[in-house]
Amino acid sequence: MSKSKLFIMGLSLILLISCSKNNKIEQTYFESMNTFMKVQAYGEHAKEANEAAQKYIGDLERIISATKAESDIYKLNHSENFPVQVNAQALSLIKLALNMSEISDGAFNPCLYPVSSLWGFTKKQYRIPSDEEIAEKLALCDWKKVQITNDGVIMEPGMQFDLGGIGKGFAGDEAAKKMKEFGVRSALLDLGGNIQIIGTKPDGSDWTIGIRNPFGDGTIGILKASNVAVITSAGYERYFVGEDGKKYIHIFDGTTGRPSESDLVSTTAIAPSGTYCDGLSTALYVLGLERSIELWRKQKNFDFILITKDKEVYVTKRIASKFSLDATQGLTSKIVK
Ligand code: ADP
Ligand code: MG
């Protein structure tokens, strides 16, 4: 056999081995940020990449958790003297969260911790507070009072951050960056239903994501997507039923200090940045259908799937061809242009 033939055979073998390695999916399951997470990746170093993602998310939780006493956010929330210096990751997330508050006209408010604690969401000791109690706590929730200076964060004593509405999206962005450092070009991170996608599947096709049915089990349809985050906020995730028989959800309206009662029951935001989508999904929920569409027309840099109480599904035109509604579930869809 000639030398060149041998060389080509050798090369093919190497290619075959590396392809088969790249086509094997590596899955890692873990619990973090009070939810179940699953990271799946392709690539020669997929396993190390998944482990790096898991470690990053665990470390981030210890920095941004509002309930862990050692976290930077906990220290900020319990400080009497300002400015307070916080870790760079926490600071950049605080800035991104406040930016989302600006964009959404306060619908996203990362300072609602005093109010959600009052309703018992932080310790799972739920109750319906009085109007007076709500008014008192709401006075501590003005995100416009937060100042970021070179010496740290300044806010009023008693104000408290809750980054629960944006933290998992940020974790997705940053963990994806870490995974790319391991050469991963194809992966799906499912952080408690918050989806962050790196690239396409190895064969170049889109990933398939189910959109959960807010009225019951299963999904209402599927979305085909690549290289984006797909993040949903919904009332079914965490709620309690009060003595009055009403359902009180974990997403709050910062203008009333009460659980949001908009006309939406599920809001999915789709864009490259997980942080942006996570903040947006929460904001859209509070804004309701009409104001969400207004925000989309103004921003133009994201897509959405919004489900109303009346079982209507609103999908932006750019992703409409990638979304298929399950006709058996009794919902109807409309394209927003
Ligand atoms: P989840 O974290 O359940 O996936 P979301 O991204 O919608 O869903 O975040 C909800 C969480 O965000 C709440 O549990 C609370 O910590 C926080 N939150 C509640 N209301 C708001 C709001 N209006 N703006 C910002 N964060 C909020
Ligand atoms: Mg969110």
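**Close-up views of the predicted model**

View 1. Pro83 sits in the loop between α3 (72–77) and α4. The model shown here and in the following views is predicted. Phe82 and Pro83 are joined by a cis peptide bond, with omega at about 0 degrees. For context, most peptide bonds are trans.

View 2. The loop between β1 (26–32) and β2 (35–42) contains Asn34. Although Asn34 is not a glycine, its phi is positive, at about 60 degrees. Most residues other than glycine have a negative phi.

**View 3. Packing of helix α2 with helix α4.** A pair of packed helices is described by the angle between their axes and the distance between the axes. Helix α2 (residues 46–64) and helix α4 (residues 88–103) pack at an angle of about 75 degrees, and their axes lie 9 Å apart. Angles of 65 to 115 degrees count as roughly perpendicular, and α2 and α4 are therefore roughly perpendicular to each other. On the α2 side, the contact is made by Tyr56, Leu60, Ile63 and Ile64; Gln89, Ala90 and Leu93 make it on the α4 side. Sorted by class, the contact of α2 with α4 comprises 6 nonpolar residues and 1 polar residue, with no charged residues.

**View 4. The shell of residues around ligand 1.** Ligand 1 is surrounded by 17 residues, of which the closest are Asn109, Asp162, Ser233, Glu237 and Phe252. By class, the shell around ligand 1 divides into 6 nonpolar, 6 polar and 5 charged residues. Helix α8 (residues 274–299) supplies the largest share of this shell, with 3 residues.

View 5. In the side chain of Lys168, an N or O atom lies 3.2 Å from an oxygen atom of ligand 1. Gly164 takes part through its backbone, where an N or O atom is 3.4 Å from an oxygen atom of ligand 1. On its own, ligand 1 has 560 Å² of accessible area, and the protein covers 95% of this area.

Conventions. Residues are numbered from 1 along each chain as its sequence is written. Chains are lettered from A and ligands numbered from 1 in the order in which they are written. This is a predicted model: local features need pLDDT of at least 70, side-chain atom pairs count only at pLDDT 80 or more; totals for chains, interfaces and linings use all residues. Side-chain values use heavy atoms; hydrogens and water are left out. Axes are lines fitted to C-alpha atoms, for helices over the stretch in contact, and angles run from 0 to 180 degrees between N-to-C directions. Helices (H or I, at least four residues) and strands (E, at least two) are DSSP runs, numbered from the N terminus. Angles under 35 degrees count as roughly parallel, over 145 as roughly antiparallel, 65 to 115 as roughly perpendicular and the rest as oblique. Contact means heavy atoms within 4.5 Å. Ala, Val, Leu, Ile, Met, Phe, Trp, Tyr, Cys and Pro count as nonpolar, Asp, Glu, Lys and Arg as charged, and the others, Gly among them, as polar. A residue is near a molecule or strand if one of its heavy atoms lies within 4 Å of it. A polar contact is a pair of N or O atoms within 3.5 Å; within protein, one must be able to donate a hydrogen and the other to accept it, and residues adjacent in sequence count only if both atoms are side-chain atoms. Accessible areas come from the Shrake-Rupley method with a 1.4 Å probe; for residues, only the protein chains shown count as cover.
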